[in-house]
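Subject: Structure handover

Hi,

Here is the structure I promised. My notes on it follow below.

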Number of protein chains: 2
Amino acid sequence: MKNFIYNNSTIIIFGKDSEQKVGFETKKYGKKVLLHYGGGSIKRSGLYDKVINSLKKEEIDVIELSGVKPNPRLSLVREGIKLVKENNIDFILAVGGGSVIDSAKAISIGAMYDKDVWDFFDKGVEIKAALPIGVVLTLPAAGSETSHSCVITNEDGWYKRSAASILERPKFAIMNPELTYTLPNYQTACGATDMIAHVMERYFTNEKNVEYTDQLCEATIRVIMDSVKICLNDNHNYASRANLMWAGTNAHSGILGTGRIEDWASHGIEHELSGIYDITHGAGLAIIFPAWMKYVYKHDLERFARFANTVFGIKINNDLHETSLQGIKRLEDFFAEIGLPTKLSEVNISTDKFEEMAIKATKNHKIGNFVKLGKEDVINILNLAK
Amino acid sequence: MKNFIYNNSTIIIFGKDSEQKVGFETKKYGKKVLLHYGGGSIKRSGLYDKVINSLKKEEIDVIELSGVKPNPRLSLVREGIKLVKENNIDFILAVGGGSVIDSAKAISIGAMYDKDVWDFFDKGVEIKAALPIGVVLTLPAAGSETSHSCVITNEDGWYKRSAASILERPKFAIMNPELTYTLPNYQTACGATDMIAHVMERYFTNEKNVEYTDQLCEATIRVIMDSVKICLNDNHNYASRANLMWAGTNAHSGILGTGRIEDWASHGIEHELSGIYDITHGAGLAIIFPAWMKYVYKHDLERFARFANTVFGIKINNDLHETSLQGIKRLEDFFAEIGLPTKLSEVNISTDKFEEMAIKATKNHKIGNFVKLGKEDVINILNLAK
């Protein structure tokens, strides 16, 4: 087990009607709030009114910035930073899913920086300050509600890049599973896939002596898989919505990666995919992750066989190759079962930009830690996904 | 799943040589520190010198209070409060296991209160302030290094009582598994039993829709059991010491209880036992928990059969009674295997004070939530443990 430092101070306020506490929680940190959200869905659902009323009740000034899109854009982040600076805003409230939260995080670090916010994403400039942010979560997926990182897409070249700092952890995350009842099944499935990917990025490690987090990872994946299948057939199943939501937070809170060296190659490759083609991140992961697994599984057959066994109950036989491949196949079958594509052809992506994506993904260095991947490796993985 | 609020902000600094960071971490919170510890073991091991040197390097003033005993005493807590108030101490550093940390927590809340500290334990007075504390952990067991509660024994009547507040969570916990190499096997085994009990107090709940935390609980118990067996045979096994230590923290961090109603009857009964007879808490739990299980298992056969299956791999057959009892038997066998008593007679405790303990345990109200227990129930459980 590697040495580690773990600190996750986000206050989780979980359960029915929890969104009614948003004003009370917000006023602990600020009096003038940037309310950041996507589009009309929170207005249609009535959540927008509830949030506004709760903030007004606490006499909090609200300035709005809506329009966050999936794969959130740098241009809107810059607009938000300008708004915050011009209006002396002291708190950012993200109401939405990972895209909204990530956009809010980028604004929060950009607002405390006197140069261009993209420096944090492209040049790796150290983040030294951030405005506090809070979250009302509507889409369980990205785990951004307690994570210490965010991912932003720069439309100038369609680069999708991340920036991390413990300063990005939200002060609070309000999580009411009922708010996810109205999600389209495709979004629920993409969300679950993102969660599973977050666990797998940590699970596939070369560190051998991490039995505790191994078992926590396996439990988390199993529960996400079982819960999402129930949610897709019974949208208003509170228990499964709740288990899925809470597992999704823990999938990316950082605790599952303690003592491990994490991988993140699949996310790196997928970021090029969704950066260029603007497909949903979870769908991209359902395509890339199995391809990555097929490409690297021989590196540690025991780990892949264990994955097959503990996640899918596949009996480990003498041929670890076969057990490993059965596990990967079952994962693909699962993604297909919940309605996601598992091949690039299913989302009409041809081989045209494989080279471009591979070059961009490996621009600064090889990616991944379980197996280090260069440009040719990425092209090979994309070919396995076509 | 019940609504919940979860917030654990303790910074975990985990791994080899982590104790060398104690001065650096401490100076973030205070300049004049009460160094609180037990007896000679940290001096013999060299840890005392390392801590002192690290604090001195940061020019931190140190006032010492040693002498914490297992089942930490109110008299020493009062002495510590006096020291803190008289010397304007601004931080308490606990170097030790759960007893030392609990004693430090009690001092930290008493130091910010102008009446008697026992009010928090006996009268349930609300805790409104606490001095910050930090931890260097030497005995993985109580989980007090991130928990929000402490347990103190009042020698006047030998009452063992707890007090809880989020303000009690330590600011940081330094955890080096190597510091546990020199623990006697009995202490290691008692510690593991305390951890398992912390999980079981949460696992046995009437809340049905908590699949995620159910599986996290089961994983945590399995890893504790497997790890401690290795540690007892190979004291210097870093991986197992590390897995045990980290699982023990998570066993009582609060995360495993999220969304659940916890039980805590077995702890309540055991506190009377160790309060009166001064036996090690973990040993008391190895005796009381199986007896409690035998007394209540019929209340939810499915849960007890599931426990037998997921923790011990016992096949669930049609007779859930039999499966449940097999699971309890295996737990008793496990405690015996790691060298702990499972009957009161093994620690020379007779039936003499069963009534006294039962009256004290149920003094203010029935105990437990899985099954509510009154005085007669406690006597019945003690009889099952004799």
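Start with the open sheet: seven strands in the order 1(A)-2(B)-9(B)-6(B)-5(B)-3(B)-4(B), with mixed pairing. Two strands pair here if DSSP finds at least two bridges between them. Strands (E, at least two residues) and helices (H or I, at least four) are DSSP runs, numbered from the N terminus. The edges are strand 1 (4-6) of chain A and strand 4 (61-65) of chain B; each has a single partner strand, so one side of each has no neighbour in the sheet. On average, neighbouring strands are turned by 15° against each other, direction ignored. That angle is taken between N-to-C directions on a scale from 0 to 180 degrees, with axes as lines fitted to C-alpha atoms, for helices over the stretch in contact.

This is a predicted model: local features need pLDDT of at least 70, side-chain atom pairs count only at pLDDT 80 or more, and totals for chains, interfaces and linings use all residues. Residues are numbered from 1 along each chain as its sequence is written, while chains are lettered from A and ligands numbered from 1 in the order in which they are written.

Within the sheet, strand 2 of chain B pairs with strand 9 (residues 172-175) of chain B, parallel, over four bridges. Ile13(B) stands opposite Ile174(B) there.

A further pairing crosses the chains. Strand 2 (residues 11-14) of chain A runs antiparallel to strand 1 of chain B, with three bridges. Phe14(A) faces Phe4(B) across it.

Next, the chain contact. It takes 30 residues from chain A and 29 from chain B, where contact means C-beta atoms, placed from the backbone, within 7 Å. On the chain B side, helix 8 gives the largest share, seven residues. That side divides into 16 nonpolar, nine polar and four charged residues. Nonpolar covers Ala, Val, Leu, Ile, Met, Phe, Trp, Tyr, Cys and Pro; charged covers Asp, Glu, Lys and Arg; the others, Gly among them, are polar.

Chain A has domain 1 (11-179) and domain 2 (184-384), with bounds from an automatic or database domain assignment. Their centres, over C-alpha atoms, are 26 Å apart. Domain 1 puts 20 residues into the contact and domain 2 puts in 27. Strand 7 (149-154) and strand 8 (159-164) each supply at least two residues of the domain 1 side.

Those two strands pair antiparallel over six bridges. Asn154(A) has Tyr159(A) as its bridge partner. Four residues lie between the strands of this hairpin, and Gly157(A) takes a positive phi near 105°.

Best wishes

Conventions. Two residues are in contact if their C-beta atoms, placed from the backbone, lie within 7 Å.
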